[in-house]
Amino acid sequence: MDEMERWLAPLGLAQLAPVLRAHDVDLEILPELSEAELEKLGLSLGQRKKLLKAVAGLSHQSLSAACSAKPTPSLNDVSSAERRQLTVMFCDLVGSTAMASRLDPEDLREIIGAYQKRVAKVVARYDGFVAKYMGDGVLVYFGYPQAHEDDVERAVRAGLKLADTIHRVRLQADVEPLQIRIGIATGIVVVGDLVGFGEAQERGVVGETPNLAARLQALAEPNAVVVAASTYHLIGGLFEYEDLGALEVKGYAEPVRVWRVCGPSAAAGRYEALHPATAVTPLVGREEEIELLLRRWRRAKSGDGQVVLVSGEPGIGKSRLIAALQERIEGEPQTRLRYFCSPYHQDSALHPILEQLERAAGFSRDDTPAIRLEKLDTLLSQASPLDHDVALVAELLSLPVMDRYPPHAFTPQRKKEKTFEVLLRQLEALVRWQPVLMIFEDVHWIDPTSHELLDLIIERVRHLPVLLLATFRPEFPPPWIGRPHVTTVTLNRLDGRDGAALVKRVAGSKSGLSGDIVDEIVERADGVPLFVEELTKAVLEADAHDDDGASGTLSAVPRPALGIPATLHALLMARLDRLGPAPKEIAQIGAAVGREFSYELLAAIAPRNGMELQTALDPLDPRPRGFDELGMAEEGQAFRGDQHLDASRHSGLTADQAGAF
Ligand SMILES: Nc1ncnc2c1ncn2[C@@H]1O[C@H](COP(=O)(O)OP(=O)(O)O)[C@@H](O)[C@H]1O
Ligand SMILES: [Mg+2]
């Protein structure tokens, strides 16, 4: 079908395509044709009128824009209210009233300006959105207009960064360093251009979340980040907290539970942080993969070093597979070295390596630099280090070596090479004791310097008793494929049987979910274990809240009960946002109608004409598995159309709801 046909089809005029084509009329020319000219082409009166009406609905520009393959998302395009999960951060300057009474208005304005600039910069770094400046308060959204799978975490990291660095805002000599308070809350809100129009419009948010964030902010100590339960439950073990208990909050009848975030947790990795050992679902399937890993481990132990690359989309079970291997070889002598690449440190050289060293050395939050240096010394001494070895690593960890080690005068390039040597020597020293299991998690986020080092390690382990495992998402092109000691494992989605087994393991024996519900979860999750887990938990929660308690009620109302759980909401919304505004709008309308909807129905209710509708529908192709062909290259993964529809069902605002606000 060519563009012309695609445009004509929804108007019921597909049969005109050959005629127009025969006269070299394309979509660019079409709006310029008069009725007389159309008549000359042999079009009936009805056809002419229909065509002209459709053409008139489009400006010339929008017609050609509609013809170009991809709609470009822009903030201004995203209009009309929508419901979505948002993490809202509210920050406020400490002591600004006192400052106002002491300082010139001019100076005060300068200070506030510098402060706002700093906030905007940090927020931008985590891809948040400054919604509003209210004097010295700043209202920030994470998850809008662009959602990310980790918006909650982004908000908390941005908050911590601000609290840690706000004192660096440069001020006149006689002004105390600035301090701020930060409150963060997460919730489903209605967001849209409810306030004003045009460039300067604020993106108004309706719902209690911004309000709660502002109230929590007021409870925070200077330079502290305080989070609500909604936020806390979604980021769990990623951070360390001080439980502030349940506090009275203005406007809330019941006391509200609050936590202060102390900093990123020492938990070894994201997987552990988000999956405490007690909550891990027993492994389902993956027997062959485990077998392969065990065989490689046996070879590695004999000195024939091995590398296994584990590739797969998010949530498919890469980390779980590696955890399963570790469980299986638990009793054997081994040294484990684990490196976690992080989306937040892709431009921080050697981040996974340094973080591993800090963990291995046993640094704790309140160690003085001298104590840390001592610990580092002990750690590195296993490899009988050269004099400058410790100094080089200490420098990487920003530890002042004082006069303990002789100064060196290496060029940056030389220093890097030397540092790599130190780290490789360290590995060689370790393998003298026992075999080593090295795990590099989420290599798609690796920083370039660590990548270079990993290249060297992969070469080096070939003749060492080391099994090196690296996990990554499909978009990462591993440069190591083809070496004799490198094997690749691609994790596929679970089949229906394993999917059902997983539902049952998550649900436990006593839940008694009906077969229908199990089938529905399996079908919807489409073999991605993360989805299976989250959807199952959502169903169990819905069941628990159900007065009847009987699971039969679930099958009676399967759709709302199987809504999108908060933990997945962001992940799916992020996908939807990436499609651009037009497909998203259609998905929202479609989702309000039902999981399957006809083109005609959509055409009748969508505020778009046929051409626009068709273009918008392209990426949402409602054929089953249409998304698989969508080639969402950035993420290298695809979702079923109905998952998108679900996320948009949640975000779509029905007329009734809109009226309520
Ligand atoms: N084969 C499996 N059996 C049981 N649970 C699994 C399996 N694969 C994945 N999971 C669970 O699904 C979730 C996502 O898996 P994870 O290993 O974190 O994915 P990835 O590392 O690929 O992003 C985790 O909670 C994990 O425990
Ligand atoms: Mg993982």
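Of the 49 residues that make up the largest nonpolar core, the ones touching the most other members are Leu376, Met438, Phe440, Val443, Ile457 and Leu468. A nonpolar core here is a set of buried Ala, Val, Leu, Ile, Met, Phe, Trp, Tyr and Cys residues joined through side-chain atoms within 4.5 Å, where buried means under 20% relative accessible area, exposed over 50% and partly exposed in between (1.4 Å probe, protein chains only). Helix H17 (residues 412-431) gives the most to this core, with seven residues. Apart from it lies another core, of 38 residues, with Val122, Val138, Leu178 and Trp259 among them.

The model is a predicted one, so local features need pLDDT of at least 70 and side-chain atom pairs count only at pLDDT 80 or more, while totals for chains, interfaces and linings use all residues. Residues are numbered from 1 along each chain as its sequence is written, chains are lettered from A and ligands numbered from 1 in the order in which they are written, and side-chain values use heavy atoms, with hydrogens and water left out.

Back to H17: its 20 residues reach 29 Å from first C-alpha to last, close to the 28 Å expected at 1.5 Å a residue (the expected span being 1.5 Å times one less than the number of residues). Helices (H or I, at least four residues) and strands (E, at least two) are DSSP runs, numbered from the N terminus. Buried residues in H17 include Phe420, Val422, Leu423, Leu427 and Leu430, along with the polar Lys418, Thr419 and Gln426.

Leaving aside neighbours within four places in sequence, Phe440 is in contact (heavy atoms within 4.5 Å) with Tyr339, Ile353, Leu454, Ile457, Leu468, Leu469, Ala470 and Thr471. Thr471 itself sits in strand E12 (residues 466-472) and is buried, with a relative accessible area of 0%. The Thr471 side chain reaches the backbone nitrogen of Asp442 at 2.8 Å. Contacts of Thr471, again not counting residues up to four places away in sequence, include Val310, Lys318, Ile322 and Val443.

Charged pairs come next. A search of the whole structure finds 24 salt bridges, each a side-chain nitrogen of Lys or Arg within 4 Å of a carboxyl oxygen of Asp or Glu. In one of them, the side chains of Arg493 and Glu313 meet at 2.9 Å, N to O. Arg493 lies in the loop between strand E13 (486-490) and helix H19 (496-507), and Glu313 in the loop between strand E9 (306-311) and helix H13 (318-328), so this pair ties together parts that are 180 residues apart in sequence. Arg493 is partly exposed at 25% relative accessibility, whereas Glu313 is buried at 11%.

Since Arg483 is in the loop between E12 and E13 and Glu459 in helix H18 (residues 448-460), the pair ties together parts 24 residues apart in sequence.

As for disulfides (cysteine sulfur atoms within 2.5 Å), the structure holds zero. Cys341 is buried, with a relative accessible area of 2%, while Cys262 is partly exposed at 29%.

Terms used
A polar contact is a pair of N or O atoms within 3.5 Å; within protein, one must be able to donate a hydrogen and the other to accept it, and residues adjacent in sequence count only if both atoms are side-chain atoms.
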